[in-house]
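Here is a short report on a pair of chains and the contact they form.

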Amino acid sequence: MADRLDQADLDRITAGVEGPGQLLDGMVECAANVREICAGRGRPVQPGEVELLAAATVSLDPRSDGVRQHHRAAEYFERHRSFPGLTAAVAILVRGDDTDEFVLALHAAHRVDEALARTRAEPPVLRTMVAAATACLGTDTVLDADTVLDADDVEVAAAILDRGGELAAAYRACDRPRPGASLPVLGNADFVIAIAGYARAVRELRHATGHDDPLADIEQHLPDLETLLHRAATRPPRFPIGGTEPDIVGFFRVAAAAVGGEDGAGKTAVTTGSVFNRLSRGLRNLKISGSARAETAAPGEPVSPRPALPDATSAPGTLVDADELATRIVDLLSRHVAGPQRRLIADWVCGRRAPDTTDDLHLLLTRVRPMMTGLARQASSTCPPPPTGVPPHPEIAEMTSVLRSRIAARLALEPSGPLELAAAALPPLWTARLPMILALTQRIRLDEGLTGTRKVTAKILAACAACGPAQFAVRGDVGRHTFAGCRTAPTEKPGAVRCVERSGEGMPGFTEVCPARPWSEIGCVDSHRTLAELVDSTPDAVRKRISRYEGSGGAWLGLTGLAEL
Amino acid sequence: MDLTTWDGHVRVDYVPDRAQLQLTLITTVPTVEADIRPGLRAGFAVDDPDGPPAFVGLTLVAGRVPGELRDLVGARLVPVAEQVIDGPRRTRWTRIDVRSVHALAAAWAPYRDRVLSGAAGSGDGDDGDGDGDGDGDGGTSSPPAGRWEEGLWALLAVEDLRQALAELPAPELTLLSSDATVDAPGYQDPSVGDEEADDDDEDEEERVAPVAASGRWPLPPELADQASIEPELTWELRGGVVHILATSTGLATSTGLATSTDPAAVGSRSPRPPQVSFDDGTGRWQSFVPRNDGRLHAEIGSSAEPDRLPAIRIRVMTSDTVLP
């Protein structure tokens with residue numbers, strides 16, 4: 001069951017319980033009771049309904065202990081099974097007071113969204129908006145028979161995406177007024193016009209267009225849209241989640257409502273905004289904070305913001321058993337994660353994820369870091385391998401087998417320490433470090449609401465976070481290595497240079513700082529000094545910025561610790 | 001979750017009515033955009049001094065992306081652009097990875113600097129620091145270098161030149177500058193310099209007009225390094241034509257031979273000569289050629305009004321072995 005759930009949902013469910021084990025016991029007990037109730041009513045649970053049954057036992061109410069009362073669960077189950085084809089992933093989102101129309105729209109929107117995700121390259125948030133709008137077209141609009149009746153709603157959604165993009169570009173190309181520079185924090189001309197384009201495409205399907213000239217129509221709607229988005233972007237978050245970021249969920253919800261075009265719809269109507277909001281419940285939690293920090297430290301283990309530098313000289317001599325090491329790595333990487341996240345981790349470990357992408361990068365980095373500390377700790381003391389009592393998921397077995405053969409192959413070439421082996425066995429998340437630092441800088445700046453003079457901090461944190469499995473940022477005023485095999489480029493600090501690419505043979509020593517170390521190389525990658533050069537500051541100011549951030553409890557905390565050289 | 005340009009969600013659009021190709025790296029953060037020159041508009045995220053363009057609108061020439069802009073758009077996106085231009089679908093999303101975003105960011109750095117500083121598109125701006133402390137390193141006043149697959153380029157600060165042009169008597173300017181555009185290709189023949197080898201004065205040609213104004217432009221140090229020249233150019237305005245002089249570093253000045261454009265004479269480590277061009281969309285580059293005094297010389301002219309004088313670009317190709 002947990003395998004079908006979004007991490008966001010799982011987090012909410014488990015928020016009130018002590019651990020997945022306790023939740024599972026409650027679910028099993030509840031499910032058994034629901035089975036009995038249904039059998040008593042002459043409508044026994046069918047084999048194909050097991051997931052729906054499991055979903056019905058889970059409560060999203062944060063005040064509960066994660067499990068519904070048996071009779072309520074039975075009611076939910078009976079209701080969910082009455083919708084043909086309703087999946088557990090959607091059922092988990094349904095609330096008791098939702099109308100049938102709403103559940104159907106949610107179901108349709110989810111299906112369309114998943115189908116589009118397989119064939120289209122739109123950013124997910126825009127895709128989900130259009131999927132929600134498409135699902136709502138059917139519920140409150142009478143469409144021309146020839147417009148949609150013979151078209152699958154996935155095709156309708158694809159048509160809206162195409163037409164919307166085309167209109168946005170056409171609008172962009174002409175001299176019509178652009179959304180102003182007044183838009184704060186979130187929102188810019190391109191984003192607003194993209195939304196306006198999709199909204200017009202939806203109006204065209206509805207025959208609800210005021211103008212024959214689509215661009216004039218967009219122009220007419222822009223000021224209102226701008227006002228709405230402006231208001232949404234400046235409103236403080238309804239659910240404070242750290243940082244100073246405005247309510248991004250509210251902002252996107254307003255944008256989705258604009259795409260659906262039901263501004264005047266009544267409170268009970270099924271609207272694009274409400275469907276989008278329910279489907280993207282993960283957005284709220286995707287602000288990584290809560291779940292990510294919980295993941296970084298397993299229960300009972302303190303968050304270790306300061307990774308320990310392994311003893312490089314003794315590491316290669318350690319006797320390593322490929323089988324045991326692979327098991328340990330996989331255990332450390334996938335402990336306490338939900339099914340979808342475990343699949344993402346498996347995709348990466350088994351080589352199905354392309355490097356240099358930002359999706360799920362935070363998740364993977366937050367798994368790599370405790371793995372590093374875990375391996376270092378287990379290497380220094382003889383620690384028994386993790387328990388193997390729980391039947392492993394298929395992904396676990398696959399990851400272990402892939403890592404085992406990679407580690408064995410590497411060991412056959414040369415003796416190496418556990419960290420080196422892990423670094424060599426895990427596929428790179430980036431093929432060049434500097435571009436990833438710059439990308440992470442923007443991500444961290446937005447996640448943590450680092451504005452004004454604190455923008456510099458984001459770049460420092462990004463450089464600390466962009467470390468391979470055997471790489472460390474270290475404290476202290478330590479300069480770049482003297483090794484000659486790196487191509488350098490000027491930094492923000494006049495006169496200083498930074499390694500950007502390895503161009504020669506060999507590698508600098510383990511304790512030498514090289515910002516251009518390839519992913520699998522073991523050693524130091526940045527120091528207070530090289531970070532100061534990166535942002536044109538001083539080592540001392542860098543140290544202060546990091547410690548100020550450490551006091552803030554931000555979501556990137558577990559990733560930005562510096563080791564002691 | 002917020003979208004940033006580094007997430008690499010790119011919409012590529014072609015608007016046939018306007019012969020315009022658009023690249024949009026969609027983001028939810030504020031951007032600022034400006035007309036760089038006729039036929040080229042670009043926007044950048046306000047708070048990202050290292051970022052790629054968030055928006056590029058460019059006018060196609062004969063249904064194709066013009067050559068220089070192909071270099072800047074890059075090998076990853078040009079094929080997508082061509083698909084969209086060929087149709088029938090005129091809009092297409094694609095996802096590019098962080099390295100491709102970084103390549104865009106590096107290639108567009110000079111334009112980004114202009115747009116974010118608010119200096120793009122207009123002729124005004126504070127008086128240049130062109131004749132600052134003359135010596136060497138260029139320091140903070142040097143413009144950023146753009147890096148694309150085959151080389152480095154930069155935009156030169158031309159405010160002082162614009163001002164000088166504006167102060168010239170108008171008729172002379174119009175007449176000579178239009179000539180210069182036509183004459184320029186002939187002038188760059190290195191043999192011209194050889195024939196007058198004995199004359200080591202700058203007025204090597206009798207008909208050359210007197211210097212009406214002059215100044216200096218700092219270069220990005222890495223570009224100067226690549227071209228083996230001092231990180232500062234000298235410009236002279238003579239009768240509406242802009243003469244640009246560079247000083248070779250190292251052996252070049254003493255022998256004169258090392259600056260030869262003949263590849264056979266210089267070996268693989270020697271760079272190709274730098275080139276200059278007005279950023280007017282025509283893509284006519286003038287190579288620097290060595291003079292007998294050891295300095296490198298190029299000249300360019302524009303028929304534009306002084307206050308609309310396009311920016312001047314300099315570029316240098318990296319050696320034939322392209323870095324990975």
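## Report on chains A and B

B:Ala62 counts as exposed, at 78% relative accessibility. Exposed means over 50% relative accessible area, buried means under 20%, and partly exposed lies in between, with a 1.4 Å probe and protein chains only. B:Ala62 sits in the loop between β5 and α1 (67-73) of chain B. Phi of B:Ala62 is near 50°, a positive value in a residue other than glycine.

The model is predicted: local features need pLDDT of at least 70, side-chain atom pairs count only at pLDDT 80 or more, and totals for chains, interfaces and linings use all residues. Residues are numbered from 1 along each chain as its sequence is written, chains are lettered from A and ligands numbered from 1 in the order in which they are written, and side-chain values use heavy atoms, with hydrogens and water left out.

**Backbone and burial**

A:Asp356 also has a positive phi, near 65°, in a residue other than glycine. A:Asp356 lies in the loop between α17 (339-349) and α18 (361-380) of chain A. A:Asp356 is buried, at 3% relative accessibility. The peptide bond from B:Gly87 to B:Pro88 is cis, with omega near 5°. B:Pro88 belongs to the loop between α2 (78-86) and β6 of chain B. Most residues other than glycine have a negative phi, and most peptide bonds are trans.

| Residue | Relative accessible area |
|---|---|
| A:Glu49 | 16%, buried |
| B:Trp6 | 1%, buried |
| A:Asp356 | 3%, buried |
| B:Ala62 | 78%, exposed |

A:Glu49 is in the loop between α2 (20-40) and α3 (50-57) of chain A. Leaving aside residues up to four places away in sequence, A:Glu49 touches A:Pro44, A:Phe77 and A:Arg81. Contact here means heavy atoms within 4.5 Å.

B:Trp6 is in the segment before β1 of chain B. The side chain of B:Trp6 makes a polar contact with the side chain of B:Asp48, at 2.8 Å. A polar contact is a pair of N or O atoms within 3.5 Å; within protein, one must be able to donate a hydrogen and the other to accept it, and residues adjacent in sequence count only if both atoms are side-chain atoms. B:Thr27 is 21 residues from B:Trp6 along the chain, and their C-alpha atoms are separated by 8.7 Å.

**Chain B as a whole**

Chain B has ten helices and 16 strands. These are DSSP runs, helices (H or I) of at least four residues and strands (E) of at least two, numbered from the N terminus. Of the 324 residues in chain B, 51% are buried. Among contacts in chain B between residues at least 6 apart in sequence, 66% join residues at least 24 apart.

**Where the chains meet**

Seven salt bridges are counted between chain B and chain A. A salt bridge is a side-chain nitrogen of Lys or Arg within 4 Å of a carboxyl oxygen of Asp or Glu. A:Asp162 and B:Arg89 form a salt bridge through their side chains, at 3.5 Å, N to O. Eleven residue pairs are in polar contact between chain B and chain A, both at pLDDT 80 or more.
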